[in-house]
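Hello,

Here is the structure I promised to pass on to you. Please open it next to this message and follow along.

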Amino acid sequence: YLGFEKGRILEPAAGVGHFFGLMPESISDNSSVSAVECDSISVRILQQLYPEADVQASFLEDATFRNNSMDMVMTNVPFVDNPHRDSRYPKMYVHDYFFQRNLYLLKPGGVMMAINSSRSMDSSRSLSSRELMAEKADLIGGLRLPVNAFTKTAGAQVTTDILFLRKKDKSNFVGEKFTSLKEYENDLGDT
């Protein structure tokens, strides 16, 4: 669990709360959970399944959590190509905004796990966002899933990254470099 035992946990694109439902009991029993979800039907299901959760029925841009208030953020970042509308942050696409906003919500030393399209780590248009991320967080590690990983369960064909970030604090933790792009070829010849 990356050393995480308890604390305040946020799911900023919660859907019906799959991450809450799959959380180990040793963590869920000792943590408070908060969620943001913009779909009203999903919000009602989420509230029924997890009545103890602090659920905000809104977009992340409108959520009212304080900066530096969460110990963990776990999210499946929306796979959309729209710009965000939060005037507190530079102009960027929603998938990049999710990283920026959630890193501000994390306490120093807090951990973020994000499932995201590979665009945030690969695209040259996301370089400025990666540079902002690198100022605030260290990359603990990541996994790249193949394009067909979610074909059966979600009907989606998208190369997906699972990223683990740690918000910088005064410790000596040093993560992996992740701002510059480099091509990698696996044993199958895929790049």
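Below is what turned up, taken one place at a time. Please keep in mind that this is a predicted model.

Let's start with a pair of helices. Two packed helices are described by the angle between their axes and the distance between the axes. Here, the axes of helix α4 (residues 94-105) and helix α6 (residues 127-136) come within 10 Å and cross at roughly 15°. Angles under 35 degrees count as roughly parallel, so α4 is roughly parallel to α6. The crossing of α4 past α6 is left-handed. If you display the side chains, you can look for the residues that meet: D96, F99, Q100, L103 and Y104 from α4, and S129, L132, M133 and K136 from α6. Sorted by class, this contact between α4 and α6 has five nonpolar, two polar and two charged residues.

Next comes helix α3 (residues 40-49). Its buried residues are S42, V43 and L46. These residues sit on the same side of α3, because they cover an arc of only 100° around the axis. An α-helix has 3.6 residues a turn, so residues three or four places apart point the same way. Among the elements that cover the buried residues of α3 are α1 (18-22), β2 (32-37) and β3 (54-57).

Finally, have a look at N68, in the loop between β3 and β4 (70-76). Its phi is near 60°, a positive value in a residue other than glycine.

Enjoy exploring!

Definitions and conventions
Residues are numbered from 1 along each chain as its sequence is written. This is a predicted model: local features need pLDDT of at least 70, side-chain atom pairs count only at pLDDT 80 or more; totals for chains, interfaces and linings use all residues. Side-chain values use heavy atoms; hydrogens and water are left out. Axes are lines fitted to C-alpha atoms, for helices over the stretch in contact, and angles run from 0 to 180 degrees between N-to-C directions. Helices (H or I, at least four residues) and strands (E, at least two) are DSSP runs, numbered from the N terminus. Angles under 35 degrees count as roughly parallel, over 145 as roughly antiparallel, 65 to 115 as roughly perpendicular and the rest as oblique. A crossing is left-handed if the near helix is turned anticlockwise from the far one by less than a right angle, and right-handed if clockwise. Contact means heavy atoms within 4.5 Å. Ala, Val, Leu, Ile, Met, Phe, Trp, Tyr, Cys and Pro count as nonpolar, Asp, Glu, Lys and Arg as charged, and the others, Gly among them, as polar. Buried means under 20% relative accessible area, exposed over 50%, partly exposed in between (1.4 Å probe, protein chains only). The arc is that of the directions from the helix axis to the C-beta atoms.
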